[in-house]
Amino acid sequence: MKRTKIIDVLKSTDYGKDICVMGWVRTHRSSKAVDFIALNDGSTIKNVQVVADPSQFSEDLLKQITTGACIAATGKLVESQGAGQASEIQATTIEVYGTCANDYPMQKKGQSFEVMRKNAHLRLRTNTFGAVMRIRHNMAIAIHQYFHEHGFFYFHTPLITASDAEGAGQMFQVTTKNLYDLKKDEDGHIIYDDDFFGKMTSLTVSGQLEGELGATALGAIYTFGPTFRAENSNTPRHLAEFWMIEPEVAFIDLNDLMDLEEDFIKYCVQWALDNCKDDLEFLNNMIDKTLLERLQGVVKEQFVRLPYTKGIEILEEAVKQGKKFEFPVSWGMDLASEHERYLVEEHFKKPVIMTDYPRDIKAFYMKQNDEPENRRTVQGTDVLFPQIGEIIGGSVREESHDKLMAEIERRHIPMKDMWWYLDTRRYGTCPHGGFGLGFERLILFVTGMQNIRDVIPFPRTPKNAEF
């Protein structure tokens, strides 16, 4: 008999119909009169109850049906006599596809998230991680849907690059060279002439620079793919491999950019509320009791638009009033997460878009404001969220070739492999801008999870590349 997914079984009222379900056993309760098997196939957070008469099945078969075992059950769909479910299956046949050893790590009793990270190959079968991964899927759908509806083109940028968009230098190198026999010149520098690409290349930290090329041809593009940063950061907010969404738009100014950032993220959160109801309710009950309220608040609230200088003044006033921060506050500093969260969670109590940062703490490509040299600022934007801090970073890009070159020279940035980027300022330059959203940061916010390693199937972090 053809299999029916459990999500469809639970919607059906075709009582009396024979039906076949397949999945993994969540629980199995036995008695002399009846056995209750909770079965889940990943299509929904909810289980279907399979009811088995022990007199109709061998004792050996029923003993094999333990938590984690994989089975197929066929029987009639009937209205449930118990509370908690509308329907159940009265089993006539049960086939065990895969038994589960007694040392199965994902037993019904609760495990810590740390234990589950060590068993990332099995944690996906738990209710929590099933919910997170279904929401992750829906957020990916929402992203593509939003940009498609708004006239953006999906643009694929390279994963292997010779440029560093951030200027940080913390990149994973890509090479086919024999690491045990590296040829070097007289100054001790590695010779790359015989490497696969004939030059030093790395995994990309961002598709932005190439995305700007797409925007100057197609008007509005977005990238959505994996990016890599070799930062030795063991924190709940950092990964070495993560996914980024990076739209780039021609003929956009700072206000338009902030409108895009706010509209986009509200669309994604509303999509989750509309399409992930069961999973969000589960996470609200099990992980974060304020999750649904916080998500609904983001959709309803108008984001605060706050110049950096004003934000610093608010933080300095908070210090005067007795607020304790780990890091000191002064104009020109790069805000720490504690400062961002104070502005969002305590002062304004709503999301904040901070703008006009000091140029020295932002990337070289951001458009400069016309201000005195001692307070030179750029048209950067950071969207700050409760629980997370920065969730989006963007800017209007500097379209002037001369200003861009002056900033490159001021920062001593090696640009030998960036001639193509500068060409966009020589051949038909235009006002343009965009932003980057870390996909896992979005999932962290939408699910209420506390550690970014728990919103990606197989996290890559320092000293951890299992599975």
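1. Leaving aside neighbours within four places in sequence, T126 is in contact (heavy atoms within 4.5 Å) with R26, M106 and M116. T126 sits in the loop that runs between α4 (120-123) and α5 (127-149); helices (H or I, at least four residues) and strands (E, at least two) are DSSP runs, numbered from the N terminus. T126 counts as buried because its relative accessibility is 15%, where buried means under 20% relative accessible area, exposed over 50% and partly exposed in between (1.4 Å probe, protein chains only). The side chain of T126 reaches the backbone oxygen of R123 at 2.7 Å. A polar atom of that T126 side chain also lies 3.3 Å from the backbone nitrogen of F129.

2. This is a predicted model, in which local features need pLDDT of at least 70 and side-chain atom pairs count only at pLDDT 80 or more, while totals for chains, interfaces and linings use all residues. Residues are numbered from 1 along each chain as its sequence is written, and side-chain values use heavy atoms, with hydrogens and water left out.

3. R117 belongs to helix α3. R117 is buried because its relative accessible area is 18%. Its side chain and that of D454 are joined by a polar contact of 2.9 Å. A polar contact is a pair of N or O atoms within 3.5 Å; within protein, one must be able to donate a hydrogen and the other to accept it, and residues adjacent in sequence count only if both atoms are side-chain atoms. Not counting residues up to four places away in sequence, R117 touches R123, N451, R453, D454 and F467.

4. The second largest pocket holds about 940 Å³ of space. Of the 34 residues lining this pocket, R26, I45, N47, N127 and F282 are the closest to its centre. The elements that give two or more residues to its lining are β1 (18-30), β3 (48-52), α3 (113-118), α5 and α8 (277-286). β1 gives the most, with five residues. A pocket is an open set of points, on a 1 Å grid over the protein atoms alone, where a 1.4 Å probe fits, with protein on both sides within 12 Å along at least five of seven lines; lining residues have an atom within 4 Å of a point. Grid points are joined across faces, edges and corners, and a volume is the space filled by probe spheres set on the points.

5. The largest nonpolar core has 87 residues, of which I94, M139, I143 and L280 touch the most other members. A nonpolar core is a set of buried Ala, Val, Leu, Ile, Met, Phe, Trp, Tyr and Cys residues joined through side-chain atoms within 4.5 Å. Not counting residues up to four places away in sequence, I94 touches I37, A52, F57, L61, I65, I71, A72 and A73. Another core, of 18 residues, lies apart from it and includes L306, I312, M333 and L384.

6. T381 lies in strand β14 (residues 377-385) and counts as buried because its relative accessibility is 0%. A polar contact of 2.6 Å joins its side chain to that of E261. Leaving aside neighbours within four places in sequence, the residues in contact with T381 include L254, L257, M258, I353 and I392. The C-alpha atoms of T381 and G75, 306 residues apart along the chain, are separated by 58 Å.
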